[in-house]
Amino acid sequence: MAVPALLPSPLASPVAAAYARLAEVFPGLRAEETAGGARPPQGAGWVRAEELAAGGAALDAFLAWDNTQVLRDHGRQARPDVVASFGLHRYAWPACLLVTVPWFLDRRVPRLPVGAVSFQRALGRMAVRVEEFACLPGDPAAALPGARVVAGEDALRAEVRASLAEHFEALLDGFGPRMRRGRRALWGMVTDEIVEGLWYVGALLGEEERAMAELEELLPGTAGRRPEKPYAGGAGFRALAGAPAPDGTPRATRDRAACCFFYTLRPEDTCLTCPRTCDADRARRLAATA
């Protein structure tokens, strides 16, 4: 396996501290930066995002892994579009965190086109090359190469949406034909990955409420506010009756904008935020695991 040349110091990177904090609270995912000009990691399970976007042999091999896992775990063959949906989810959930976590923690938004990201999912590792990022006025990182200062929080949120849209516009070109869904449904999946990834990590950081508030501003789409295109729907958090947290406060829930199709394998075991899962079942399942 070719090992990427890593950046020598967090001081040389606008996102290294955020990625290190992510690894602390969620050891199952580790993001590492490659130095400028270095080749991305290759072999031993690594795949470049641009290879997945191309939709060829690399994507075939990537989805074969999902197909094998479905057969092993569920003892039945999934439809090809379901396998492709699982594959997109398993890439998109961690990939979204590469942008949202630095924004949430440090107010820095890296631009990550598909040529700048590689993934090794068996090890939970991602390699990224950050050549451009947005930040706020007064950020010490504004002196780093590739920095672009934006006016304020609204502009920075727009940078988050634009960075993720650029990345996934290309990815959906590869995955979309395998998934047999319309473009709005595909962007619904991306919307869900953005929201549910940072929501989960925010809770691990002890900042779940702030994460939900930030996501509501990042991705509106409820209470009369139109969704930010190309995203479908918004964060859409709401209180879940009947399942209070240990301190007595209501737990939050949301309804996914798109379906992952897991119910096609196990109809009795839907996702906790699936529209097919009624609030009573959500409350019961949360209470059972509290």
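Helix α6 is mostly covered, with 16 of its 22 residues buried (under 20% relative accessible area, with exposed over 50% and partly exposed in between; 1.4 Å probe, protein chains only). The model is predicted, so local features need pLDDT of at least 70 and side-chain atom pairs pLDDT 80 or more, whereas totals for chains, interfaces and linings use all residues. Residues are numbered from 1 along each chain as its sequence is written, and side-chain values use heavy atoms, without hydrogens and water.

Helices are DSSP runs of H or I with at least four residues, and strands are runs of E with at least two, numbered from the N terminus. Just after α6, G206 has a positive phi of about 80°.

The largest pocket is lined by 34 residues, and E196, W199, Y200, L272 and T273 lie nearest its centre. On a 1 Å grid over the protein atoms alone, a pocket is an open set of points where a 1.4 Å probe fits, with protein on both sides within 12 Å along at least five of seven lines; lining residues have an atom within 4 Å of a point. Helix α6 gives the most to this lining of the largest pocket, with seven residues.

The structure holds zero disulfides (pairs of cysteine sulfur atoms within 2.5 Å). For C96, the nearest cysteine sulfur, that of C260, is 15 Å away; C96 is buried at 1% relative accessibility. The sulfur of C278 is 11 Å from the closest cysteine sulfur, in C274, too far for a bond, and C278 is partly exposed at 39%.
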